[in-house]
Amino acid sequence: MTENLLQDDVGSMLTTVFGATDEPVYVVNPSRRSISELVSTLDADSDAPEVRLLADERALKDVMDDFLVASTAADLIDEERLTMRLLDDVPNHSVAVTVDTVYALVTISDTVGGLGTDDAAFVDNAYDYYDSAWEDADEYSLRTPPLNRVQSTLESDIGPETASDFNDVLNSLSTARGDGDGLDEVTISLLVAARNGELLYDISKWGEDVGLASKATFSRTKTKLEDMNLIDTEKVPIDVGRPRLRLMLGDDRLKDAEPDELASVAQSILAA
């Protein structure tokens with residue numbers, strides 16, 4: 001072992017690894033925390049090389065349940081800076097493999113170690129092995145739309161004020177899962193739409209068109225939020241067909257909240 005890295009977090013260690021090469025890097029069987037940190041690190045470092053992630057399907061699904069991580073990963077995939085494929089046989093180890101070095105990824109308490117070797121024969125064998133495994137692996141199907149597309153279409157299809165509020169809410173969250181750990185993307189969309197008096201039809205059509213969720217999911221979530229008095233609706237007559245519903249915030253605490261406070265206030269009401 002000739003090159004070892006010790007850092008306070010996974011992201012810092014990966015930044016060091018990425019800074020040492022321009023060639024694709026294989027990251028194999030990282031922990032769930034490491035997958036999330038990998039996405040954040042790539043997003044923050046536009047000069048990082050292409051990363052080819054080989055991971056367990058269950059681990060990827062768990063991490064990608066967080067809209068913040070998944071939508072950012074989708075951006076990176078669109079930019080051809082990240083590809084995710086599935087391991088058939090999950091190894092006991094986690095490694096990052098560059099053309100020059102192999103690092104075993106080890107996390108102990110708050111310290112992250114990259115125990116490295118640059119032995120030419122070993123590194124060449126490892127790179128060739130994972131290059132072959134990569135070619136044979138199935139691609140992971142990420143159904144979350146890219147965050148850039150979500151933001152741009154929300155602005156063009158719904159309005160800049162709603163898009164700005166959406167971004168402020170996302171920036172206030174550390175995770176967006178909707179299982180009690182942050183609000184999910186549909187709830188966030190409905191809340192910011194209600195804050196700006198948008199129509200349910202418009203926001204749900206946008207959400208379905210961009211690939212966020214179906215209109216039925218938006219409708220079910222609207223009913224749940226309405227039952228809990230987070231949002232309210234009023235009928236808006238149209239020339240032909242049934243009246244449409246305008247969304248409004250229902251709870252005074254939400255009406256008084258700034259956009260970056262909307263999520264925390266909503267979560268406190270939901271948890272009550």
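The largest pocket of this protein is lined by 17 residues, and those that lie nearest its centre are Met 64, Asp 65, Tyr 140, Arg 143 and Thr 144. The structure is a predicted model, and its fold has twelve helices and nine strands. Along the principal axes, the C-alpha trace spans about 75 × 35 × 30 Å.

**The largest pocket**

- The volume of this pocket is about 380 Å³, and its lining draws its largest share, three residues, from helix H3, which covers residues 57–64.
- When the lining residues are sorted by class, seven are nonpolar, seven are charged and three are polar.

**The protein as a whole**

- The protein has 272 residues, and buried residues make up 50% of them.

**The nonpolar cores**

- The largest nonpolar core holds 39 residues, and the members that touch the most other members are Leu 191, Ile 203 and Leu 254.
- At least two residues of this core are supplied by each of several elements, including helix H4 (67–78), helix H6 (147–157), helix H7 (160–172), helix H9 (200–210) and strand S9 (244–249).
- Helix H8 (185–195) is also one of these elements, and H8 gives the largest share of the core, seven residues.
- Ile 203, when residues up to four places away in sequence are not counted, touches Leu 154, Ile 158, Ser 189, Leu 190, Ala 193, Phe 218 and Leu 247.
- Apart from this core lies another one, which has 33 residues, among them Phe 18, Val 25, Val 39 and Leu 53.

**Leu 247 in strand S9**

- Leu 247, one of the residues that Ile 203 touches, has its place in strand S9.
- The relative accessible area of Leu 247 is 0%, and because buried means under 20%, this residue counts as buried.
- Leaving aside neighbours within four places in sequence, Leu 247 is in contact with a list of residues that includes Leu 190, Ala 193, Ala 194, Gly 197, Leu 200, Ile 203, Lys 222 and Asp 232.
- One of these contacts, Asp 232, is 15 residues from Leu 247 along the chain, and the C-alpha atoms of the two are separated by 6.0 Å.

**Thr 221 in helix H10**

- Thr 221 has its place in helix H10, and with a relative accessible area of 12% this threonine is buried.
- Its contacts, leaving aside neighbours within four places in sequence, are with Val 186, Thr 187 and Leu 190.
- Thr 221 and Leu 190 are 31 residues apart in sequence, while from C-alpha to C-alpha they are 8.3 Å apart in space.

**A hairpin of two strands**

- Strand S5, residues 95–97, and strand S6, residues 102–108, pair in the antiparallel sense over three bridges.
- Four residues form the hairpin that joins S5 to S6, and the bridge partner of Val 95 in S6 is Ala 104.

**Residues in loops**

- Asn 29 lies in the loop between strand S2 (25–28) and helix H2 (32–44), and its phi is near 55 degrees, a positive value in a residue other than glycine.
- Asn 29 is buried, with a relative accessible area of 13%.
- Asn 229 lies in the loop between H10 and strand S8 (231–236), and phi is positive for this residue too, near 65 degrees, although Asn 229 is not a glycine.
- Asp 119 lies in the loop between strand S7 (111–117) and helix H5 (120–136), and with a relative accessible area of 42% Asp 119 is partly exposed.
- The C-alpha atoms of Asp 119 and Val 69, which are 50 residues apart along the chain, are separated by 35 Å.

Key:
Residues are numbered from 1 along each chain as its sequence is written. This is a predicted model: local features need pLDDT of at least 70, side-chain atom pairs count only at pLDDT 80 or more; totals for chains, interfaces and linings use all residues. Side-chain values use heavy atoms; hydrogens and water are left out. A nonpolar core is a set of buried Ala, Val, Leu, Ile, Met, Phe, Trp, Tyr and Cys residues joined through side-chain atoms within 4.5 Å. Buried means under 20% relative accessible area, exposed over 50%, partly exposed in between (1.4 Å probe, protein chains only). Contact means heavy atoms within 4.5 Å. Two strands pair if DSSP finds at least two bridges between them. On a 1 Å grid over the protein atoms alone, a cavity is a set of points where a 1.4 Å probe fits but cannot get out, and a pocket is an open set with protein on both sides within 12 Å along at least five of seven lines; lining residues have an atom within 4 Å of a point. Grid points are joined across faces, edges and corners, and a volume is the space filled by probe spheres set on the points. Ala, Val, Leu, Ile, Met, Phe, Trp, Tyr, Cys and Pro count as nonpolar, Asp, Glu, Lys and Arg as charged, and the others, Gly among them, as polar.
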